[in-house]
There are 2 protein chains.
Amino acid sequence: MNDTFLRACRGESVEYTPIWIMRQAGRYLPEYQKVRAKVDFLTLCKTPELAAEVTIQPVDILGVDAAILFSDILIPVEAMGMKLRFLERKGPVLNRPIRTERDLKRLKRIEPEVDLPFVLDTIKILRKALRRKVPLIGFAGAPFTLATYMIEGGSSKNFLNTKTMMLSEPQLFHNLMGKITEVTETYLSAQIKAGAQAVQIFDSWAGALAPDDYKAFSLPYVKRIISNLRPLGVPIIYFVNNCGGLLELARTSGADVIGIDWRVDIGKAITRLGRDVSVQGNLDPVALFSDEKVLERKVGDILKKGRRAKGHVFNLGHGILPQTPPHMARALVEMVHELSSKQ
Amino acid sequence: MNDTFLRACRGESVEYTPIWIMRQAGRYLPEYQKVRAKVDFLTLCKTPELAAEVTIQPVDILGVDAAILFSDILIPVEAMGMKLRFLERKGPVLNRPIRTERDLKRLKRIEPEVDLPFVLDTIKILRKALRRKVPLIGFAGAPFTLATYMIEGGSSKNFLNTKTMMLSEPQLFHNLMGKITEVTETYLSAQIKAGAQAVQIFDSWAGALAPDDYKAFSLPYVKRIISNLRPLGVPIIYFVNNCGGLLELARTSGADVIGIDWRVDIGKAITRLGRDVSVQGNLDPVALFSDEKVLERKVGDILKKGRRAKGHVFNLGHGILPQTPPHMARALVEMVHELSSKQ
């Protein structure tokens, strides 16, 4: 198996910089669209054979160095008892958002084997299928990010309800975070036991917080999860979207790898993170809409700066956009492999 | 006149930390709503007596230390020849977005006295009305921020068209930026000559750029504007939204004051900006939805850290939200004045 990705996470020596792409199994691939045409998004997540099929697609088509479980961060939230739908334009919608202690009582603990067997089955299928290929990454949303969806009832612009609860009813907010954290721990632990060889925690909305609020209301729960997963021995990646104001704090999470978005210079980010952690990122997803010459300049710069970190996993700074030309994603993977083995 | 704001911009000694609030004349005030009920948003911008009336409201109601011209950053874009509308939910819409050299040719230079007399008239009314009160701030959008609206045709999530033009057709993009920059310079210069005692350049979308793209495609134009306005002698504030990855670059803009959003710690930001520039910000607008105790802790922290800068102008880290309770905005202003005069 190509274990370059796992070695880079651990800061061990590698022959080239490994790459995977957030949302690499997704709408920009015609092969994905073909599978998705048969079923809706949630059914795809919940049908192990199909979820495994789309998970493998980018490994074969792009040549990335890791596969990531095809799923959604809100899948365990649904298992906690909230009705989940995906609307074409609006994105995820969760009915009856969490606003009171009473709402909190509706939320259940989960037993992944009983409540989310399809996730574990997908992982088992994938481990077999990927045996001679690449490692499999499991994932979950960070508790704060999940809390925003649960409190707002979906996506949000200003996180008004979330932050108002956080600041005005901190105990209620902490109680909610405690519940989500317990579920997330159980969920990631089950993914690892089923075969996930690394996990990524997505804090997609951490960057909407002022640093002192992030420190008080998001970071402690991420730390708890990471510290409790530590004995399971797999690399843990913590992706902090819009991390520009949060890097020094995020470094204290205990993660093996800090995933960063494109809005920071990766060289400066490594300086701020220090040399005892690996880094993942951070090409602007829109750079894939330029041409190969521009792309090569940007990729070369990131690779060069990335060499200063303990380990570097190349990735986009955010999910690949649905309109991305697939040939540019392929070009990116080749370019990262080629340029980094020369350096 | 209370010139505390102007002195803080220049880093001169002040008796207390001055405060104004981005979008302080706006929908959260019932007094504004009352004026707005009579006319649509654009008509309000273009009717000097009414624009002046709503500009003064927060000075009287909240007790802020500066007034800011009531207008919109897209007003000069309309004068350049693009049809502008504001839709209730969607925000601004510009017809026939700029995508080609041919589109560029449609854009006119402006003569503020001829094309935007209402802005200059509003400023003249305001200077008389504010004579014994507070200074008047003029403003414009930064060229990159204006370019995003002109290329996308309105607001955008990923700035796909803007960045694609920037990366794939850099010459076209630079030509557009050159035109916008010239207009913006002329416009701000006319505002200052009409009486604006300081100006703020709003780079609302700078933070969507990777730092190297910001350096190549946004910053040079801001520098040019600032350097050309310099002889006019008024303080220049450069607000960089989502500044976490851009502070070291933004410092080189030449502005007297760097306005920062709430996603960075103001103490760390001052360290990164250095001691030769004043700073403006940076309370999370959602903090106004908490209670006075929480607010006092947050305000106290920002004031304490802000004292390390050359000068500090208190502000929110982004525009005040329409749902904000007006009494909390008033409480904020009092709190800033009281806490900072004690420190």
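In this predicted model, Gly138(B) stands opposite Val199(B), a residue of strand 5 of chain B. The pairing to which the two strands belong is parallel: strand 4 of chain B, residues 136-141, and strand 5 of chain B are joined over 5 bridges. Strand 5 of chain B also pairs in the parallel sense with strand 6 of chain B, residues 236-240, again over 5 bridges, and there Gln200(B) has Ile237(B) as its bridge partner in strand 6 of chain B.

Is strand 5 of chain B, residues 198-203, largely enclosed or left open by the rest of the structure? With a residue counted as buried when 20 or more other C-beta atoms lie within 10 Å of its own, 6 of the 6 residues of this strand are buried, so strand 5 of chain B is largely enclosed by the rest of the structure.

In chain A, strand 5 (residues 198-203) and strand 6 (residues 236-240) run parallel and are joined by 5 bridges, with Gln200(A) standing opposite Ile237(A) of strand 6 of chain A. These strands of chain A belong to an open sheet of 7 strands, which has the order 1-4-5-6-7-8-9 and parallel pairing. At the edges of this sheet are strand 1 and strand 9 (312-316) of chain A, each of which pairs on one side only.

Helix 11 of chain A, residues 170-194, lies across strand 4 (136-141) and strand 5 of chain A, and runs at about 170° to strand 4 of chain A. Helix 15 of chain A, residues 266-273, lies across strand 7 (257-260) and strand 8 (278-283) of chain A, at about 155° to strand 8 of chain A.

Another helix of chain A deserves a separate look. Helix 4 of chain A comprises 15 residues (48-62), which at 1.5 Å a residue should span 21 Å, and the 22 Å between its end C-alpha atoms agrees with that expectation. Just after helix 4 of chain A, Gly63(A) takes a positive phi of about 80°.

It remains to consider how the chains are arranged. Chain B is superposed on chain A by a rotation of 180° with 0.0 Å of shift along its axis, at an RMSD of 0.0 Å, which is the relation of a two-fold axis. Gly244(B) is the residue of chain B that comes closest to the rotation axis, with its C-alpha at 2.0 Å. The contact takes 28 residues from chain B and 28 residues from chain A. On the side of chain B that touches chain A, helix 10 (160-168), helix 12 (211-217) and helix 16 (292-306) of chain B each supply at least two residues, and the largest share, 5 residues, comes from helix 10 of chain B. Of the interface residues of chain B, 100% are also interface residues in chain A, so the copies meet through the same surface.

Terms used:
Residues numbered from 1 in each chain as written. Chains lettered and ligands numbered in written order. Predicted model: local features only at pLDDT ≥ 70, side-chain atom pairs only at ≥ 80, totals over all residues. Least-squares fit on C-alpha atoms with pLDDT ≥ 70 in both. Contact = placed C-beta atoms within 7 Å. Helix = DSSP H or I, 4+ residues; strand = E, 2+ residues; numbered from the N terminus. Expected span 1.5 Å × (residues − 1). Pairing = 2+ DSSP bridges. Axes fitted to C-alpha atoms, helices over the stretch in contact; angles between N-to-C directions. Buried ≥ 20, exposed ≤ 12 C-beta atoms within 10 Å, placed from the backbone.
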